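Subject: Structure for you to look at

Dear colleague,

I am passing on a structure that I would like you to look through, and my notes on it follow below.

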Amino acid sequence: MSFENLPPLLAQALAERGYAAPTPVQAAAIAPESAGRDLIVSARTGSGKTVAFGLALAEALLEATGGSPLVDRPLALVIAPTRELALQVSRELAWLY
C-alpha cells in the first residue's frame with residue numbers, strides 16, 4: 001500500500017517528511033474498509049499512530065474546509081491523556097495539514 005490514494009496535500013506533506021509508504025498502523029487507518037468506522041489502535045511508540053490518526057481525519061477535515069488546510073474555526077477535538085501527548089498530536093497534525 002502507498003499514500004497515492006490520499007489527497008495531494010497530504011501525500012506531499014508525507015513525502016516532505018520522508019514517508020515513502022505507510023506503516024502498518026497507517027495502512028490500517030487509510031484502508032477503504034476503515035472509512036467512516038471507529039478504530040482502536042494499539043502499537044509501539046514510533047509506529048506512526050499519531051499520523052495515522054491525522055490521516056483518518058483527512059476526509060472529514062478537508063471536506064469541511066473545501067480542501068484548504070487553513071480555517072478560522074476548530075474542525076476536530078482531540079482528547080489526550082497528558083499535556084505532552086496533546087502537544088505531540090498538535091505538532092504532528094500541524095505539519096500534516
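A pocket, on a 1 Å grid over the protein atoms alone, is an open set of points where a 1.4 Å probe fits, with protein on both sides within 12 Å along at least five of seven lines, and its lining residues have an atom within 4 Å of a point. The model is predicted, so local features need pLDDT of at least 70 and side-chain atom pairs count only at pLDDT 80 or more, while totals for chains, interfaces and linings use all residues. Residues are numbered from 1 along each chain as its sequence is written, and side-chain values use heavy atoms, with hydrogens and water left out.

The largest pocket is lined by 41 residues, and those nearest its centre are A29, A52, F53, L55 and A56. Helix α3 gives the most to this lining, namely seven residues, and α2 (24–30), α3, α4 (58–65) and α5 each supply at least two.

Helix α3 (residues 49–56) also packs against helix α5 (residues 83–96), at an angle of about 55 degrees and with the axes 9 Å apart; axes here are lines fitted to C-alpha atoms over the stretch in contact, and angles run from 0 to 180 degrees between N-to-C directions. The contact (heavy atoms within 4.5 Å) is made by T50, V51, F53, G54 and L55 of α3 together with Q88, V89, E92, L93, W95 and L96 of α5.

Best wishes

Technical notes:
Helices (H or I, at least four residues) and strands (E, at least two) are DSSP runs, numbered from the N terminus.
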